[in-house]
Amino acid sequence: MSKQLLRCGTSIGANTRESKNAQSRLDFLNKLNIALKEADETEYWIDLLHATDYLNDLQYNSINDDCTELIKLLTSIIKTLKKSDVND
């Protein structure tokens, strides 16, 4: 489980970083959507690791808070981009 968390957790940053060099606005949006999906999967693994006592409450709260904040940021960016596409 911890290896799955490592894979999807690091994929968030990799896809966000990759979006900097997107070939188009659509490619940029796609990379951020992938990062959001990976963040959601990361949240799942964090919850599961906590439920199985692999993470204690302090660890869980810290990591989960960071993950939740990333999800909120990515969601906000994606919504703003989609909204501006509709208005263009």
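This is a predicted model: local features need pLDDT of at least 70, side-chain atom pairs count only at pLDDT 80 or more; totals for chains, interfaces and linings use all residues.
User: Hi! Where does helix α1 run, and how many residues has it got?
Analyst: Helix α1 covers residues 2-19, so that's 18 residues by the helix assignment used here. From its first C-alpha to its last it reaches 26 Å, close to the 26 Å expected at 1.5 Å a residue.

User: Which residues of α1 are buried?
Analyst: They are L5, C8, S11, I12, N15 and S19.

User: Why might residues three or four places apart point the same way?
Analyst: Because an α-helix has 3.6 residues a turn, residues at that spacing point the same way.

User: OK, new topic. Where is T42, and is it buried or exposed?
Analyst: T42 sits in helix α2, which spans residues 25-51. T42 counts as buried because its relative accessible area is 6%, and the cut-off for buried is under 20%.

User: What does T42 touch?
Analyst: Leaving out residues up to four places away in sequence, T42 touches L5, C8, G9, I12 and C67. Of those, L5, C8 and I12 are also on the list of buried residues in α1.

User: And which backbone oxygens does the T42 side chain reach?
Analyst: There's the one of E38, at 2.8 Å, and the one of C8, at 3.5 Å.

User: Let's talk about the largest nonpolar core. Which residues touch the most other members?
Analyst: That would be I46 and L74, out of the 18 residues in this core. The elements giving two or more residues to the core are α1, α2 and α3 (57-87). Helix α2 provides the largest share, with 8 residues.

User: What is I46 in contact with?
Analyst: Setting aside neighbours within four places in sequence, I46 is in contact with L5, L55, Y60, I63, N64 and C67.

User: Last one: what about A51, buried or exposed?
Analyst: A51 is in helix α2, and it counts as exposed because its relative accessibility is 60%, with the cut-off for exposed at over 50%.

User: How far is A51 from K37?
Analyst: Their C-alpha atoms are separated by 21 Å, and the two residues are 14 residues apart along the chain.

Definitions and conventions: Residues are numbered from 1 along each chain as its sequence is written. Side-chain values use heavy atoms; hydrogens and water are left out. Helices (H or I, at least four residues) and strands (E, at least two) are DSSP runs, numbered from the N terminus. The expected span of a helix is 1.5 Å times one less than its number of residues. Buried means under 20% relative accessible area, exposed over 50%, partly exposed in between (1.4 Å probe, protein chains only). A polar contact is a pair of N or O atoms within 3.5 Å; within protein, one must be able to donate a hydrogen and the other to accept it, and residues adjacent in sequence count only if both atoms are side-chain atoms. Contact means heavy atoms within 4.5 Å. A nonpolar core is a set of buried Ala, Val, Leu, Ile, Met, Phe, Trp, Tyr and Cys residues joined through side-chain atoms within 4.5 Å.
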